[in-house]
Amino acid sequence: MKDISNHLPTAELQALDAAHHMHPFTEGDALAKKGAKVITRAEGVWLNDSEGNRILDGMSGLWCVNIGYGRTELADVAARQMRELPYYNTFFQTTHVPAIALAAKLAELAPGDLNHVFFAGSGSEANDTNIRMVRHYWAELGKPEKKIIIARKNGYHGSTMGGASLGGMSGMHAQGGLPIPDIHHIDQPDWWSEGGDMSPEEFGLARARELEKAIEKLGKDKVAAFIAEPIQGAGGVIIPPETYWPEIQRICDANDILFIADEVICGFGRTGQWFGSQTVGWRPDIMTIAKGLSSGYAPIAGSIVSDKVASVISGSEFNHGYTYSGHPVSAAVALENLRILDEEKIVENAGKVTAPYLKEKWEALTDHPMVGEAKIVGLMASIAMTPDKEGRKPFASDAGTVGLMCRERCFANNLVMRHVGDRMIIAPPLVISTDEIDTLIERARKSLDETYAKVKDEGLFKPA
Ligand code: PXG
């Protein structure tokens with residue numbers, strides 16, 4: 001076997017990658033031709049690649065490195081835990097200190113009566129847990145027919161059969177025979193693209209009331225739960241009008257259904273508070289957590305469950321669990337991550353200092369000729385690119401054509417800013433400094449200028 005621990009030249013690494021490594025959400029042949037960017041190290045908000053570039057990571061990896069890269073405390077804790085107890089399960093009436101301590105810490109951090117944690121290895125797995133848990137909950141209460149879960153189009157809840165079924169991504173449903181039965185999708189609260197002539201406030205209410213209509217149509221005795229991200233992340237950082245959030249809570253309360261807040265992206269400071277539910281005023285029965293829980297340093301996820309739900313689930317055996325549920329190394333890393341986020345007041349500072357600074361600069365991007373709306377909550381933000389600001393029109397080209405061009409320019413300017421269709425999104429580490437925000441905005445603006453020039457050049461600055 002070749003030793004690749006001392007880096008080979010980039011082209012050789014890329015060739016090996018193309019030959020043997022299948023990438024998620026990627027057209028393999030196209031990537032093989034181009035060669036993947038090889039990331040070698042990272043520190044703070046900065047990534048290094050194998051060609052010596054220093055790249056500002058405006059996406060915290062994949063929305064997860066909330067604490068920033070290079071915190072050696074997390075590495076030390078992992079090494080210590082591996083030496084002491086690298087693995088043990090929690091299935092057969094055993095437990096261990098990292099899982100106990102992490103569950104207790106999460107119960108302390110989570111709002112209301114969310115006091116119980118079922119661990120998983122990924123956000124997708126945690127949402128699979130949620131599907132089985134809410135259906136089992138109603139069955140235990142003598143209502144086995146209450147099993148439909150309502151979710152939203154363009155929501156993202158993972159890639160497993162369950163997670164992708166809850167998600168409302170049509171491209172995902174088109175592959176592999178999804179969704180599984182008894183999942184129902186309602187429209188998303190994306191005013192920019194779908195609001196038509198309604199005011200944002202009217203539209204927010206109308207979209208929330210789709211939940212009420214769906215419950216009426218499907219029958220309240222058939223609906224187990226509603227699941228939603230407080231703010232859709234992968235869908236393009238869609239921030240609903242303010243009227244949306246309270247109406248959703250009211251409808252869940254009024255209809256005797258469980259409310260699952262998928263906090264995989266919004267949790268652990270992303271929205272400026274510990275949980276997105278606190279920012280949007282939701283009182284969920286279950287929260288899905290992952291990503292920022294360990295700042296991505298080790299894979300770990302879970303469901304934080306209310307007293308109400310846990311008291312029913314704990315009455316009999318719940319036939320569910322993963323080998324790595326509460327993995328001791330991941331749990332120890334997560335605990336250290338939470339300790340640092342808490343003690344160094346990283347979440348508090350992100351909400352009170354960093355987010356307002358970024359908000360001012362981000363919203364000013366609407367003066368750019370190609371930027372329609374610029375939306376932001378905490379440290380997650382998006383802009384809608386458009387050839388017609390007034391009419392809120394999309395480009396005539398296929399959705400994502402301009403977005404991809406812009407992402408390429410960002411990469412060339414050493415900034416990771418993602419595109420979802422023709423929206424550009426950022427979610428930088430919570431530890432980003434104000435100077436680094438200035439650099440991010442400068443590079444984003446330069447990339448937008450270059451994209452605009454190219455779009456006009458190629459005759460693409462045309463509304464649909
Ligand atoms: N829920 C939400 C809200 C997510 O954002 C998951 C569940 C699934 O978590 P795992 O750990 O199974 O990946 C996610 C994951 C993107 C992108 O393109 C977003 C995610 C994953 C992959 C890509 O923005 N979010």
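Predicted model: local features only at pLDDT ≥ 70, side-chain atom pairs only at ≥ 80, totals over all residues.
Four strands, taken in the order 11-12-15-14, make up an open sheet whose pairing is antiparallel; two strands are treated as paired if DSSP finds at least two bridges between them, and strands (E, at least two residues) and helices (H or I, at least four residues) are DSSP runs numbered from the N terminus. The edges of this sheet are held by strand 11 (371–377) and strand 14 (418–420), each of which has a single partner strand, so one side of each is left without a neighbour in the sheet. From one strand to the next the twist averages 25 degrees, where axes are lines fitted to C-alpha atoms, for helices over the stretch in contact, and angles run from 0 to 180 degrees between N-to-C directions. Residues are numbered from 1 along each chain as its sequence is written, and side-chain values use heavy atoms, with hydrogens and water left out.

Within the antiparallel sheet, strand 14 is joined to strand 15 (residues 423–426) by three bridges, and R418 stands opposite I425 of strand 15. Helix 15 (residues 346–363) packs on this sheet and touches strand 11, strand 12 (380–385) and strand 15, its direction making about 175 degrees with that of strand 11; contact here means heavy atoms within 4.5 Å.

A further open sheet contains seven strands in the order 4-10-9-8-7-5-6, and its pairing is mixed. Strand 4 (114–120) and strand 6 (183–186) lie at its edges with a single partner strand each, so one side of each is left without a neighbour in the sheet. The twist in this sheet averages 20 degrees from one strand to the next. Strand 8 (residues 258–262) pairs with strand 9 (residues 286–289) in the parallel sense over three bridges, and A261 has M287 of strand 9 as its bridge partner. Helix 10 (residues 200–218) packs on the sheet through contacts with strand 5 (148–152), strand 6 and strand 7 (223–228), and its direction makes about 145 degrees with that of strand 6.

The ligand is surrounded by 16 residues, the closest being W63, G123, S124, D262 and R418, where a residue is counted if one of its heavy atoms lies within 4 Å of the ligand. An oxygen atom of the ligand is 2.8 Å from a side-chain N or O atom of W63, and an oxygen atom of the ligand is 2.5 Å from a side-chain N or O atom of S124. For D262, a side-chain N or O atom is 2.7 Å from a nitrogen atom of the ligand. Taken alone the ligand exposes 540 Å², of which the protein buries 84%, the accessible areas coming from the Shrake-Rupley method with a 1.4 Å probe. Helix 3 (60–63) and helix 6 (123–140) each supply at least two residues of the shell around the ligand, and helix 6 provides the largest share, three residues.

Two backbone features were also noted. Most residues other than glycine have a negative phi, and most peptide bonds are trans. L178 and P179 are joined by a cis peptide bond with omega of about -5 degrees, and P179 is placed in the loop between helix 8 (170–173) and strand 6. N154, which is not a glycine, has a positive phi of about 65 degrees and is found in the loop between strand 5 and helix 7 (161–166).

Note on methods: Polar contact = N/O pair within 3.5 Å; in protein donor to acceptor, adjacent residues only side chain to side chain.
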